[in-house]
Amino acid sequence: MEAMKLGLLFLWAFVAIFATTLKAHIADFDELWQKRAEEARKNALEAYQPDPENVTDHFNVEVHKALNDADGTRRKLGGKNRGPCKATNPIDRCWRCHKNWAKRRKKLTKCVLGFGRGTTGGKNGNIYVVTDPSDGDLVNPKPGTLRHAVIQPKPLWIIFAHDMVIRLSEELIMTSDKTLDGRGAKVHIAFGAQITIQFVRNVIIHGLHIHDIKVGSGGMVRDSVDHYGYRISSDGDGISIFGSSNIWIDHVSMSNCDDGLIDAISGSTAITISNCHFTHHNEVMLFGASDGFSGDEVMQITLAFNHFGQGLVQRMPRSRWGFVHVVNNDYTHWLMYAIGGSQHPTILSQGNRFIAPPKAFCKEVTKRDYAPESVWKTWDWRSEGDLMMNGAFFVQSGRPIKHMRKNDMIKAKPGSFVRRLTRFAGALNCFKHKPC
């Protein structure tokens, strides 16, 4: 019975994807994009976790282990900030303490936790070095440019030869099995169009600065080595995830985009967003674009070790449908609310720090839209071990979110640990032959 229900759910998601063609910025939904949509539906089915609590349990175990190791390391070193490695959470401790990280870049793929675990990006491909920051030809991209790299059919681990600012003329359309690895250079995607992850799988974005992204004009854009087509205007998101699965966004600094910083919609799932620093933006994250699109019930997203910082207003995130695990993030600024949603998303908030703004009517962490209390009181929104400061409060609803493997369950570290866990959020300054 459960398999039948899940099958019907994905059938509806597939039908609805075609109904939202314009939102995908595709002017002509041609045969290639139909094929990609079908493949994306199958990928989401593979990535979907029928027991999401198992994933949250696994994440909590890793946090506990990493913090115990960190405490032991500090005792041996005899000081808080001494020693070559300052990694403070389990994702970072997996790779940052190795001085030869630049020769072992692909070890990063062993470090992802949460719903995006298993994402390998371009691990099984060659290294591609971006040497040219220009983006002048959208139909025949110049070799050595980022646009030329991301349209290649095989897996690629994409790195950057030197510091650069890349102004995208139109949206950058990713293909599957790619890693954008900004370590070792200061790489800014800025003052142009967005990164689009649409109907693909297995993408890692790491170590970039993404800011001041603008609405695109549209036009003829190449999306693979053997296809290009007409795109309508893009939204102006920093990163737009549409109908895609197995996505990991880590150590990215983001601010000031025309629309959202990160949007994930139209049946996207198996996503982890970790160690990022978000500042100076209104609507930060949107998970699920429509109250009427039940295909987003498959959406499963982990937000971990991120710092939601200065100048943020709302949507950290705003969710519809789906399951969002918000764990050990630092919310130091918001002007309206931190976590919002509609259409009964499941939200498990564990071990976060919420520092409310001075205004009395903005102290509530949560905001529920388009539903009376008689309806939203059945939505499962739970807070466990969160640290509430300056009058912040989280309005819980629904039932406790039960954990399937109680014997293995170790709760996330409480909010009092968050400052340490998120200390190095955002793009890092990494130098060869030194720990990052």
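Biologist: Why is Asn246 called buried?

Modeller: In this predicted model, Asn246 has a relative accessibility of 12%. Buried means under 20%, so Asn246 counts as buried.

Biologist: Where is Asn246 placed, and which residues does Asn246 touch beyond its neighbours in sequence?

Modeller: Asn246 sits in strand β13. Leaving out residues up to four places away in sequence, Asn246 touches Ala47, Gly116, Arg117, Thr119, Arg201, Asn202, Val203, Thr269 and Ala270.

Biologist: How do you know that β13 pairs with β16?

Modeller: Pairing takes at least two bridges. Strand β13 (residues 245-250) is joined to β16 by five bridges, so the two count as paired, and they run parallel. Ile249 stands opposite Ile273 in β16.

Biologist: What makes β16 largely enclosed by the rest of the structure?

Modeller: Strand β16 covers residues 269-274, and six of its six residues are buried, so the rest of the structure largely encloses it.

Biologist: What joins β16 to β20?

Modeller: Four bridges join β16 to strand β20 (residues 300-304), and these strands run parallel. Ile273 stands opposite Leu303 in β20, while the bridge partner of Ser274 in β20 is Ala304.

Biologist: Which strand is joined to β20 by five bridges?

Modeller: That is strand β24 (residues 323-327), which runs parallel to β20. There, Ala304 has Val327 as its bridge partner.

Biologist: What makes Phe305 stand out in its phi?

Modeller: Phi of Phe305 is near 60 degrees, and Phe305 is not a glycine. Phe305 lies in the loop between β20 and β21 (307-308). With a relative accessible area of 0%, Phe305 is buried.

Biologist: Tyr370 has a positive phi as well; is Tyr370 buried or exposed?

Modeller: Phi of Tyr370 is about 60 degrees, and its relative accessibility is 68%. Exposed means over 50%, so Tyr370 counts as exposed. Tyr370 is found in the loop between β29 and α6 (373-376).

Biologist: What makes the bond between Met316 and Pro317 a cis peptide bond?

Modeller: Omega is the value to look at: for the bond joining Met316 and Pro317 it is about 5 degrees. Most peptide bonds are trans. Pro317 belongs to the loop between β22 (312-314) and β23 (318-320).

Biologist: Why are β4 and β29 called edge strands?

Modeller: The open sheet has eight strands in the order β4-β7-β12-β15-β19-β23-β26-β29, with parallel pairing. Strands β4 (172-173) and β29 (366-368) each pair on one side only, and that makes them the edge strands.

Biologist: How do you know that β4 and β7 are paired?

Modeller: Two bridges join β4 to strand β7 (residues 195-198). At least two are needed, so the pair qualifies, and the strands run parallel. The bridge partner of Ile173 in β7 is Thr196.

Biologist: Which members of the largest nonpolar core touch the most other members?

Modeller: They are Leu146, Ile197, Ile239, Ile273 and Phe278, in a core of 66 residues. Apart from that core lies another, of 22 residues, among them Trp101, Ile159, Trp248 and Leu428.

Biologist: What is Ile197 in contact with, leaving aside its neighbours within four places in sequence?

Modeller: The contacts of Ile197 are Met174, Val203, Ile205, Ile239, Ser240, Ile241, Phe242, Ser244 and Ile247.

Biologist: Why is Tyr230 called partly exposed?

Modeller: Its relative accessibility is 44%. Buried means under 20% and exposed over 50%, so Tyr230 falls in between and counts as partly exposed. Tyr230 is in strand β11 (residues 227-231).

Definitions and conventions: Residues are numbered from 1 along each chain as its sequence is written. This is a predicted model: local features need pLDDT of at least 70, side-chain atom pairs count only at pLDDT 80 or more; totals for chains, interfaces and linings use all residues. Side-chain values use heavy atoms; hydrogens and water are left out. Buried means under 20% relative accessible area, exposed over 50%, partly exposed in between (1.4 Å probe, protein chains only). A nonpolar core is a set of buried Ala, Val, Leu, Ile, Met, Phe, Trp, Tyr and Cys residues joined through side-chain atoms within 4.5 Å. Contact means heavy atoms within 4.5 Å.
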